[in-house]
Each structure stands twice: as structure tokens, then as C-alpha cells.
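Biologist: Before we discuss aromatic contacts, could you put the chain and its model up for us both?

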Amino acid sequence: VNTTLHGASNNTGKDNYVVLDAAGHGSLVGIFLNIDNATARWYAEGDDMIFIDGEAWPPSYHGTGSEEIFGGGACPTAEYAGPYTGFHLIGNLDYSGKISMYRFYVNDPVRFRKSIRMTIEHGHANNFGNDYSSTAFWYQAEPHKPFGALPAALARRPRDGADPHDRAFASLIALRPKLLALWFQSIRADK
């Protein structure tokens, strides 16, 4: 979801990036959030909001972004891994490139009886157009609301970037045919 809005406040949460939207009875267990920041500036992850059981504004949980969800302060420049929170991918020191973080709600579960909608602003009041993706983990009693169709594989592929992780992956992909040929050669030699 890429949306750019201009305004001073976000008092509905309706245009936020949606991490999880589920109906039924359950508990949020954890999330991975990935941001592909196309600009060499602060990616402004924005406020996180968790709406429980169909509630309207304001949500039960209204945080200030990575500071509270992932324990990382505003846009950390070093990767770290804790037992429940962490930033396991930092693309560049100038905040550009791919950033990936996680949070597991082991000690502070988020329970819902009817529904849950977890969102995060992309920028303050959704004023940035970065590329977001996420994975949510939750337990839920059946029945559940149908899941949406996944986009085609090419549409899910991350943008090719210039950060160190992208360059390393591109090099590995370029070496793959050679590595496979060497592996097959070694198998034949063992016979």
C-alpha cells in the first residue's frame, strides 16, 4: 500500500497501512514489518494503532511507532535482536533502503473477542509513500473471515535497491548457476 496524503492530523486511522484485519475471537502474537525506503531520509514510520472489537476512534492502543512497538527509538542505524523486539535489517546508515523489524507480544498479548485491526501510519499522518509489507501472527478460534488473494509473485517481489543487502543478494543470484554446476560436478565425482 502506497499512499501519500497531506494534512496535519490523522484522527481516524482509515488510510494507515494495515498490518492485520481479522474478525473473530483471538490473540495477536507477533508481527514483522518491512519498510522499503526509497529516499535517503528518515522514513517516519508513524503512529501504530490497534482497534479492538470494531471500536471507532480513538483505538485501544495508540503508540508512537517503532519506539514503542519494536523498542528501537526513531529509525535506529544499527541492527539488533532482543527476545521480543528487534531490527534485524537496516539497509543504510542514511535510513534509505530496506528496514525490517519484529515484535512478539508474549508478555503483553493483545486479545480480541470480535475483531482486531492493527495499522501503522506511513509517515506522520500518512505523508510518506514508502513501500510497506508485513506478516502478522495470531491465534484465532474458527470461523475466520476469508483471507484476501495474494498478489502475483512478480508484484510481491521487493524493489531492486542499492543497499548492501540488495547488492549481496544480486551477487548471489548471479553466482547461482556456477555454484549449482560445481555442486553437480562434485556429486558426479563422488560416484
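**Aromatic pairs**

Modeller: Phe 32, Tyr 102, Phe 104 and Phe 137 form one aromatic cluster. The model is predicted, so to speak of local features a pLDDT of at least 70 is needed, and side-chain atom pairs count only at pLDDT 80 or more, while totals for chains, interfaces and linings use all residues. Residues are numbered from 1 along each chain as its sequence is written, and side-chain values use heavy atoms, with hydrogens and water left out.

Biologist: How many aromatic pairs does the rule give?

Modeller: Rings of Phe, Tyr and Trp (its six-membered ring) pair if their centres lie within 6.5 Å, and planes under 30 degrees apart count as stacked, over 60 as edge-to-face and the rest as tilted. Counted in this way, the aromatic pairs number 9.

Biologist: Of what kind is the pair of Tyr 17 and Tyr 132?

Modeller: Tyr 17 belongs to strand β1 (residues 17-23) and Tyr 132 to strand β10 (residues 131-140), so the pair ties together parts 115 residues apart in sequence; strands are DSSP runs (E, at least two residues) numbered from the N terminus. The ring centres are 5.4 Å apart and the planes stand at 40°, so the pair of Tyr 17 and Tyr 132 is tilted.

Biologist: Is Phe 137 buried or exposed, or partly exposed?

Modeller: Buried means under 20% relative accessible area, exposed over 50%, and partly exposed in between (1.4 Å probe, protein chains only). Both Tyr 17 and Tyr 132 are buried, whereas Phe 137, at 34% relative accessibility, counts as partly exposed.

Technical notes
Helices (H or I, at least four residues) and strands (E, at least two) are DSSP runs, numbered from the N terminus.
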